[in-house]
Amino acid sequence: MSHPAAPPETCDLLIEAGWVVPVEPHAVVLEDHAVAVRDGAILAVLPVAEARQRYAPAERVSRPGSALVPGLVNAHVHNPMTLLRGVADDLPLMVWLKEHIWPVEGQVIGPEFVGDGIAIAIAEMLRGGTTCCNENYFFPDVAAATYARHGFRAVVGLPVIDFPTAWAASQDEYFAKALEVHDNVRADALVDTAFVPHAPYSVADSAFERIRVLADQLDIQIHLHVHETATEVADALARHGSREIARLDRLGVYTDRLIAVHMTQLTDAEIALTAERGVSVVHCPESNLKLASGFCPVEALRRAGVNLALGTDGPASNNDLDMFGEMRTAALLAKAVAGDAAALDAATTLRMATLGGARAMGLDARIGSIEPGKRADLALVRMDTIETMPLYNVVSQLVYATGRHQVSDVWVDGRRRLEDGRLTDMDTAALLASAWEWGARIAGIRRGAGTETA
C-alpha cells in the first residue's frame, strides 16, 4: 500500500540558480541547484528539481543563467572616505595622508560625515555583491547605527590612537568610548565590534597591552595596519630596535585575534610566525599598488597555511569598493610576485573574498559560505552576458572576467537588498545629492587651503 507524499515544507525564499558556488567545500560548483531560506538562515542546498518537490516557498527567484555565491566580505574599509574619493591621487602614502587627507578630515570629520559616507558606501557595496565589511574609522557609534539602520552586516572598529582626534582626547577616553559602543551594539544581529588601533607607529605599548586584555575579555578581534610600507618598518627599527611584528608578538598581540592588514614587508621568518600564531592577513592589492606601498607575498602566506582575506581599503586610496575588481587584481598580482602562473588560483581568490574574510573577522560560523545553518548573505551574478560567455569554468569566470555590474540580486540575512540591479530600500537620488553637497564643501576647503590638485 502506497503512502501519500508528504506535503512540501514552507520556506520564505527559494533561489534557483544555474550554478551554486558554496565556497565550502572548496572549489565546488553545483549545477542547477537551489538554496532554501527560512527566517534569514539557509535551510538546504539541493538540486532544483528536488527543491521544487520539497519546498513551498513564499517567494521563488529563478535565475538559470546566474551563479549564486556567498555575499562578498570586504575585510578592510574606511567607508566614510567615500566622501574623499579622488581628493588627492597619484601621491605616496605619507604625503597623501599628512598633506591632503588628514588636513581635510580635520575640518569635516564628525557624525554627519561618517553617517553620510557610510550610507553611500553601503549602496556601492550592495550593488557590487558585498554584504559584509570590516570598518575602520572614527565615530564608531555613528558607524554602527548607520550599518544597523540600513541592515548591512559589519564589524565596526573601536579606534585607538596616540593623539587627540574629534572622537577622543586621551587614551582613557578612547577606551571608555570603545567599551560604551561595544556594550550598545552587542545585541545587534548584524553589527559586531573589533578594536582598531590605527597602526604600530601611532599606538603606544601601553595601549596595545590594554587592547590585548580587553579583546580577550570581550571576545573580539583586533584590526590593525601592519608592515604597510618599507619606511614604516625602517622607522620601527630606529624607534624600537625591532620590526613591528616582533614588537606586537612581544606585547602578546600577534595572535589569532589579529587581523593584519597590508603586510607588504615580510621576511620568511615573519611568514612562518604569522602562520604559527594564527594571524589572519587582509590583502589590499589595489590600494597598495596605487600608493606604491609594496607587494604582499600572498602565495607564500597561503603555502604557509595563513588564513587570507581580501579588502579594498578606503575609497580614497583605491578608489572603489569593487570586490570583483579586487579579486582579479589579487590573483594576477600574486602570480607576478610569486613568479608562478599557478599561484593564487581562482577558487582560492574567491575564498579570500568570502570565507577567508569571515574567518578573519570571527564570523565564519555565520557567513562566508553557502551551507545549511548559516545566515543567508547571498548574491546572484549573471553569467549569461557577452563579457562572461562562453562559460567553461564558473569560478575562473567569476574572478577573471566578471564585473560588479553583473550582480543582479543581493540578500543580507535573508532580506532582499538588490533586485534586478535596483536597490530595494535606499534612496539613490538622496545619496547622490548628499555626495554632491559634500563634494562642493570639501572642494571649497581645499581651494581655501591651496591644496586642490588638478
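Buried means under 20% relative accessible area, exposed over 50%, and partly exposed in between, with a 1.4 Å probe and protein chains only. At 6% relative accessibility, Thr264 therefore counts as buried.

This is a predicted model, where local features need pLDDT of at least 70, side-chain atom pairs count only at pLDDT 80 or more, and totals for chains, interfaces and linings use all residues. Residues are numbered from 1 along each chain as its sequence is written, and side-chain values use heavy atoms, without hydrogens or water.

Helices (H or I, at least four residues) and strands (E, at least two) are DSSP runs, numbered from the N terminus. Beyond its neighbours within four places in sequence, Thr264 is in contact (heavy atoms within 4.5 Å) with residues including His227, Glu228, Asn288 and Phe295.

**Helix α2**

Helix α2 spans residues 93-108 and kinks by about 40° at Ile101, shortly before Pro103. The bend is the angle between axes fitted to the seven residues ending at a residue and the seven starting there. Buried residues of α2 include Trp96, His100, Ile101 and Glu105. The buried residues of this helix pack against α3 (111-127) and α15 (428-449).

**Domain record**

UniProt, in an unreviewed entry, places "domain: Amidohydrolase-related" at residues 68-415; such annotations may be inferred rather than shown by experiment. Over residues 68-415 the chain is 43% helix and 17% strand. The end C-alpha atoms are 15 Å apart.
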